[in-house]
Amino acid sequence: MSLETTSVGPPPPPPAPLVTPNATVIVDGVSKSFGALVAVSDVSFGIEPGVTALLGPNGAGKSTLLRVLCGLTPPSTGRVTVAGGDPRADAAARSRIGLVPQQDGIFERDTVHRFVHLAAVLSGVPDPDAAALAALGAVELEPDLARPMGAFSKGMRQRAKIAAALVHQPPVLVLDEPLNGLDPKQRRQMIDLFHRLGEEGRTVLVSSHVLEEVERFGTRVLVMAKGRLAAEGDFRAIRALMNDQPLTYRIGCSDPRTVTAELIGEGLIVGCQFTGPDTVEITTADAAGFRRRLPAICSTASIRLEELTPLDADLESVFRYLVGP
């Protein structure tokens with residue numbers, strides 16, 4: 001898939017939706033307004049089975065788009081097709097979607113088994129008890145936990161919501177910031193689960209505002225900024241947009257002046273600012289060369305390297321580059 005970018009200035013001609021014979025989700029020219037506020041503007045894309053990440057900072061319009069996609073709110077213009085139907089008008093199409101909303105959406109006095117069992121009953125699952133047990137097993141939650149869900153940690157509530165979305169075995173899963181509140185181990189488990197579901201032939205759409213999370217979801221990425229689709233394609237291609245731009249890093253080490261002098265001598269940095277006795281912020285136009293040489297320079301000079309933090313290789317910087325001022 002090629003990388004495409006659009007400006008957030010004057011509206012471009014409506015892009016043609018990405019439609020393939022295997023597309024299970026089609027968003028065609030969708031806009032959503034709330035009075036004078038345009039939350040989503042002329043978005044078109046198609047998604048095939050597998051894991052696709054929806055990337056965007058808070059306020060980019062991701063959650064609004066997902067609500068439209070699931071039929072929870074109508075688009076102002078455009079159309080959405082999920083699993084062959086309009087989820088707003090077609091109950092059969094809605095039944096093929098499993099949704100994990102960003103909000104908690106739990107019954108705080110229920111046990112987790114009752115919560116997921118109810119989701120199975122409401123979805124018309126033939127054996128709701130067996131389905132609830134299977135879904136809780138998939139997210140690694142004990143079904144016999146006696147304490148109410150209101151006493152759960154944020155990570156446990158998130159996994160309970162994922163189990164409830166999975167309980168009726170939907171072919172399309174829509175997950176809005178599902179990793180919020182999970183510890184590193186739980187994040188790995190859920191990312192592995194999303195990949196397994198994609199490999200089974202499900203269409204898994206996962207939203208996040210964290211660039212590093214998206215990198216682990218897979219390579220297919222939709223990037224939203226200011227309500228528009230700013231880029232779509234392979235994650236590596238989107239991330240590579242940063243490689244041609246100067247990047248800033250903070251280095252913490254026992255002798256930052258010697259390190260900086262060596263990097264300047266090798267032509268690897270174009271600017272620097274000493275921010276403390278043990279720290280320096282440097283700007284490089286050759287991030288790969290800088291990262292390769294820094295440990296070697298420190299090792300040769302017996303300098304203790306304690307920190308290397310990218311200060312602008314983050315999601316906001318990607319968006320600044322993609323959409324401009």
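## Helices H3 and H5

H3 passes H5 in a right-handed crossing, meaning that the near helix is turned clockwise from the far one by less than a right angle. This is a predicted model, in which local features need pLDDT of at least 70, side-chain atom pairs count only at pLDDT 80 or more, and totals for chains, interfaces and linings use all residues. Residues are numbered from 1 along each chain as its sequence is written, and side-chain values use heavy atoms, without hydrogens and water.

The axes of H3 (residues 112-122) and H5 (residues 154-166) come within 8 Å and cross at roughly 30°. H3 is therefore roughly parallel to H5 (angles under 35 degrees count as such). On H3 the contact (heavy atoms within 4.5 Å) is made by Val-112, Phe-115, Val-116 and Ala-119, and on H5 by Ala-160, Lys-161, Ala-163 and Ala-164. Seven of these residues are nonpolar, none is polar and one is charged.

## Nonpolar cores

A nonpolar core is a set of buried (under 20% relative accessible area, 1.4 Å probe, protein chains only) Ala, Val, Leu, Ile, Met, Phe, Trp, Tyr and Cys residues joined through side-chain atoms within 4.5 Å. The largest has 47 residues, and Val-116, Ile-162, Phe-194 and Phe-217 have the most contacts inside it. H5 gives this core its largest share, seven residues. A second, separate core has 24 residues, including Ile-47, Ala-60, Leu-66 and Leu-229.

## Arg-94

Arg-94 lies in helix H2 (residues 91-95). Its relative accessibility is 36%, so Arg-94 counts as partly exposed (between 20% and 50%). Beyond its neighbours within four places in sequence, Arg-94 contacts Cys-70, Pro-87, Arg-88 and Ala-89.

Note on methods. Axes are lines fitted to C-alpha atoms, for helices over the stretch in contact, and angles run from 0 to 180 degrees between N-to-C directions. Helices (H or I, at least four residues) and strands (E, at least two) are DSSP runs, numbered from the N terminus. Angles under 35 degrees count as roughly parallel, over 145 as roughly antiparallel, 65 to 115 as roughly perpendicular and the rest as oblique. Ala, Val, Leu, Ile, Met, Phe, Trp, Tyr, Cys and Pro count as nonpolar, Asp, Glu, Lys and Arg as charged, and the others, Gly among them, as polar.
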